[in-house]
Amino acid sequence: MFEFLFPKKCIFCGKIGKYKFYNVCKSCYGKIEFCSDYECCTRCGTPQISMGEEKLCYDCMTRTYFPCKRIASVGAYRNDFRNCILRFKNGKTSYGKTLAYFMSRRAYEVYREIDFDIVVPVPFDKERQNSRGYSSSHILGKEISRLTKIPFEGKGLKKIKKTPKQTSLKHKERIENLVDAFKGYEDKVKGKTVLLVDDVCTTGSTLRECARALKRAGAKTVYGITAGTTVRFGEKINK
Ligand SMILES: [Zn+2]
Ligand SMILES: [Zn+2]
């Protein structure tokens, strides 16, 4: 109903209009590098050169432990899409509706066969939550739960170790930084198939450590969904 009464602002360029894909104008929609348009690694979900029968990227081929069975993302974390996610993280919480809509759509594409029990957001340190105590992944998780009808579980995971911001660290430090930083809660996650939500997947270490904590607490299987994902190899992504 409100859609007809109030014209919307495109969350990328600010242009006012009536938009089909939530609040994104046609021109900005066309500029998003959707992962669904590219071949992606079947484990970490990044659009890049995939190898072998399993279509894994180099990083995933050389890794042996996968607490997060698979990660899927909406689009390449660069240019306008990256700026939009950064604005969302820095206070434009209304963008969460659009991003969560894209994430739900992507989750449906990749995880169609999977029967999820709960949606769990990646937890953050207290100072990175907004005044109401919500982190960006909490907002996305709530909205994804509303759209997909998978119950939301905001207390399945907790951050138990204060860590420096991931973005301030190098690749290797990022991985070490998060070891044992999260705790899963057995009474909330035991035996459950979990859709783990974060805004961005850069090295995948956050999702991996969260999934590890969930599995330790007895979660059956953990799958990740994020809005942005880093394109690691070069500027171009292979179609
Ligand atoms: Zn626009
Ligand atoms: Zn991979």
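1. Bear in mind as you read on that the model is predicted. Asparagine 79 belongs to helix α4, which covers residues 79-89. Its phi is positive, about 50 degrees, although the residue is not a glycine. For context, most residues other than glycine have a negative phi.

2. Now to the sheet. Four strands form an open sheet in the order β3-β8-β7-β4, and the pairing is parallel. At the edges are β3 (70-76) and β4 (118-121), each of which pairs on one side only. From one strand to the next, the twist averages 25 degrees.

3. β4 runs parallel to β7 (residues 193-201), and four bridges join the two strands. Isoleucine 118 has valine 194 in β7 as its bridge partner.

4. Two helices deserve a glance here. Helix α5 (residues 95-110) packs on the sheet and touches β3, β7 and β8 (221-229), with a direction at about 130 degrees to that of β3. Helix α9 (residues 205-216) lies across β3, β4, β7 and β8, and runs at about 160 degrees to β7.

5. Finally, is lysine 149 buried or exposed? Lysine 149 counts as exposed, because it has 8 C-beta neighbours inside 10 Å and the cut-off for exposed is 12 or fewer. This residue sits in the loop between α6 (136-148) and β5 (157-159). Lysine 149 is not a glycine, yet its phi is positive, near 70 degrees.

Note on methods
Residues numbered from 1 in each chain as written. Chains lettered and ligands numbered in written order. Predicted model: local features only at pLDDT ≥ 70, side-chain atom pairs only at ≥ 80, totals over all residues. Pairing = 2+ DSSP bridges. Axes fitted to C-alpha atoms, helices over the stretch in contact; angles between N-to-C directions. Contact = placed C-beta atoms within 7 Å. Buried ≥ 20, exposed ≤ 12 C-beta atoms within 10 Å, placed from the backbone.
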